[in-house]
Amino acid sequence: MDDETGIAGSINDENSHEFESDIDEEDRDDDGDNNESMDENVGKVIDVAFEARPPNSSDFHGVKRLLQQLFVRDINEELSELTNLIVAQDFVGCVLKQDNHNSDDEDDSEDSDESEQDENVYALNTVVNISENQNLPCIEKVRELLSSKCEVHYKAEPGRIGKLLEDPTKQIGLLISERFINIPSQVALPSYKSLQSDIEKAIQKKKKFKFTHYVLISKTYKAKGGVMQGEMYYSNPEEQLFSELCEFSYTYSVADQRDSVSEGDWDDDGGDFESLRTVMVFDASALGHIISKLQTEVQDK
């Protein structure tokens with residue numbers, strides 16, 4: 001990434017930005033040496049330092065795993081190709097990783113554990129042009145997924161997104177905002193600010209990122225029973241705000257596709273909830289409004 005903007009507006013010499021987050025130890029995927037040590041950590045809140053930086057080839061497996069929890073089995077064989085496309089776009093978007101730069105030298109015995117942690121990508125925020133490179137199987141599959149689900153689940157105008165995708169005057173960007181479920185929603189605002197800046201710089205460099213529309217696939221879920229029956233919730237809470245700004249949206253179920261391999265360990269769907277995906281389509285100008293809405297939400301808290 002050239003002349004990067006850091007996730008919180010400034011960037012250090014290593015093109016990354018560090019910040020801290022409180023994470024409940026109960027939510028962490030930790031294989032302790034024994035049950036006693038794990039029990040001691042349950043419910044503890046720990047400070048974890050993260051760094052946000054442009055994606056690179058070392059992030060392949062972490063990025064792919066986050067994509068798996070979004071697409072489940074709708075995109076399978078083409079997922080590696082989509083991951084490579086995202087990783088190759090080192091001029092736009094960012095990944096969130098644990099910052100291990102401040103580890104003490106005497107911790108050499110834990111190098112192997114830290115190396116494994118380094119492969120984890122805790123969050124991903126980027127955009128992919130799905131109007132270009134239509135010859136790529138992964139782009140073709142994404143477009144087919146969006147169109148086929150719209151045909152079935154958007155009763156008002158089943159062919160609406162298909163018409164948009166086929167319009168040669170339109171440039172459609174697929175927004176991807178995925179993270180571990182225990183990563184706080186506060187990362188959303190700086191991530192989207194950084195992405196907006198990256199897109200503007202890409203346009204200045206004549207790259208094909210001058211979008212007319214954005215599409216976001218949001219992980220949602222619906223209560224199956226009880227007092228909350230029928231209510232829909234968002235895995236990324238800020239995306240409920242986005243729904244108020246979209247031109248149209250439709251929701252489909254992925255309950256029959258779920259398993260621990262495809263969904264990863266961070267999905268919040270349980271036996272009392274049906275796992276869904278909600279597709280939201282925005283005019284490109286909405287990105288600025290989304291950021292303003294997030295800013296207002298942060299200030300109000």
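A cavity is a set of points, on a 1 Å grid over the protein atoms alone, where a 1.4 Å probe fits but cannot get out. By this rule the structure has two cavities of 30 Å³ or more. This is a predicted model: local features need pLDDT of at least 70 and side-chain atom pairs count only at pLDDT 80 or more, while totals for chains, interfaces and linings use all residues. Residues are numbered from 1 along each chain as its sequence is written, and side-chain values use heavy atoms, with hydrogens and water left out.

**Cavities**

- The largest cavity has a volume of about 100 Å³, where a volume is the space filled by probe spheres set on the points, and grid points are joined across faces, edges and corners.
- Its lining, meaning residues with an atom within 4 Å of a point, consists of 15 residues, and Ala123, Leu124, Asn125, Val187 and Ser191 lie nearest the centre.
- At least two lining residues come from each of strand S3 (94-98), strand S4 (123-129), strand S5 (172-179) and helix H7 (188-204); helices (H or I, at least four residues) and strands (E, at least two) are DSSP runs, numbered from the N terminus.
- The lining of the largest cavity divides into 10 nonpolar, three polar and two charged residues. Here Ala, Val, Leu, Ile, Met, Phe, Trp, Tyr, Cys and Pro count as nonpolar, Asp, Glu, Lys and Arg as charged, and the others, Gly among them, as polar.

**Nonpolar cores**

- A nonpolar core is a set of buried Ala, Val, Leu, Ile, Met, Phe, Trp, Tyr and Cys residues joined through side-chain atoms within 4.5 Å; buried means under 20% relative accessible area, exposed over 50% and partly exposed in between (1.4 Å probe, protein chains only).
- The largest core has 45 residues, and Leu67, Phe71, Ile130, Leu146, Ile161 and Val279 have the most contacts inside it.
- Helix H5 (residues 137-153) gives the most to this core, with six residues.
- A second, separate core has 25 residues, including Val127, Leu175, Leu241 and Ala286.
- Not counting residues up to four places away in sequence, Phe71 touches Leu79, Leu82, Leu145, Leu174, Ile217 and Gln257, contact being heavy atoms within 4.5 Å.

**Aromatic pairs**

- The whole structure holds 11 aromatic pairs. Rings of Phe, Tyr and Trp (its six-membered ring) pair if their centres lie within 6.5 Å; planes under 30 degrees apart count as stacked, over 60 as edge-to-face and the rest as tilted.
- Phe91 and Phe209 pair edge-to-face, at 5.4 Å centre to centre and 85 degrees between the planes.
- Phe91 is in the loop between helix H3 (79-88) and S3 and Phe209 in the loop between H7 and strand S6 (213-223), so their pair ties together parts 118 residues apart in sequence.
- Phe209 and Phe211 also form an edge-to-face pair, because their centres are 5.6 Å apart and their planes at 75 degrees.
- Phe91 is partly exposed at 22% relative accessibility, whereas Phe209 is buried at 5% and Phe211 is buried at 9%.
- One aromatic cluster is formed by Phe91, Phe209, Phe211 and Tyr214.

**Loop residues**

- Ala284 lies in the loop between strand S9 (273-283) and helix H10 (286-300) and is buried, with a relative accessible area of 18%.
- Leaving aside neighbours within four places in sequence, Ala284 is in contact with Phe211, Thr212, His213 and Tyr214.
- Val72, in the loop between helix H2 (60-71) and H3, has a positive phi near 50 degrees and is buried at 4% relative accessible area.
- Asn133, in the loop between S4 and H5, also has a positive phi near 50 degrees, but Asn133 is partly exposed at 40%.

Conventions: 1 Å grid on protein atoms, 1.4 Å probe; cavity = no way out; pocket = protein on both sides within 12 Å on 5 of 7 lines; lining within 4 Å.
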